[in-house]
Amino acid sequence: MDASDSDDEEDVEPSTPMVAEQRLSNFIQSMMLAICLPLMHVIQLIPTAVIWGYFAYMAITSFNGKQFWDRMTLVLTDRKQYYALLRTACYFKSIPLLLKTVSDARL
C-alpha cells in the first residue's frame, strides 16, 4: 500500500449529518401537566363556554397568513381588490384571474 492511498482515505468525511435528540420540550410539557394535576379543582371552576371561546379565538386568529385561508378569501374578494391581495404572497402568482368569484355572480 502506498502512502498516497492512506492519505486519500483519511480525507474522506462522513456523509451522515450529526443528529442531536432534543428532549427538553417533552420534559417541559410533562412538567406543566404535572403542575396542572393538583390544580384540577381550580380548573374545574372555569366554565366550559370560556374554554371553548378561548380555543375558538385561538383558531380564528391563526387563520391569517395561511395559504388555504388566503386562497379562500380570494374567491370571496371583489375583483378590484385582487392586486392588493396578490402583492401579499408569492403563491398567488399561479392563480389564473379568469375565474369568476362569488362577488361577480349575479343573482
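**Group meeting: a helical chain and an aromatic pair**

A word on the source, please. This is a predicted model, in which local features need pLDDT of at least 70 and side-chain atom pairs count only at pLDDT 80 or more, while totals for chains, interfaces and linings use all residues. Residues are numbered from 1 along each chain as its sequence is written, and side-chain values use heavy atoms, with hydrogens and water left out.

Back to Phe-63. The structure holds two aromatic pairs. In one of them, Phe-63 and Trp-69 are stacked, 4.5 Å centre to centre with 15 degrees between the planes. Rings of Phe, Tyr and Trp (its six-membered ring) pair if their centres lie within 6.5 Å; planes under 30 degrees apart are stacked, over 60 edge-to-face, and the rest tilted. Trp-69 is also partly exposed, at 37% relative accessibility.

Now the whole chain. You'll see six helices and zero strands, where helices (H or I, at least four residues) and strands (E, at least two) are DSSP runs numbered from the N terminus. Of the 107 residues, 8% count as buried.

How confident is the predictor? The mean pLDDT, a per-residue confidence from 0 to 100, is 75 for the chain, and 64% of the residues score at least 70. Where pLDDT is low, the predicted coordinates should not be read in detail.

Let's finish in helix 4, with Thr-61. Its side chain reaches the backbone oxygen of Tyr-57 at 3.0 Å, and Thr-61 is partly exposed at 42% relative accessibility. Thanks, everyone!

Methods. Buried means under 20% relative accessible area, exposed over 50%, partly exposed in between (1.4 Å probe, protein chains only). pLDDT is the predictor's confidence in each residue, from 0 to 100. A polar contact is a pair of N or O atoms within 3.5 Å; within protein, one must be able to donate a hydrogen and the other to accept it, and residues adjacent in sequence count only if both atoms are side-chain atoms.
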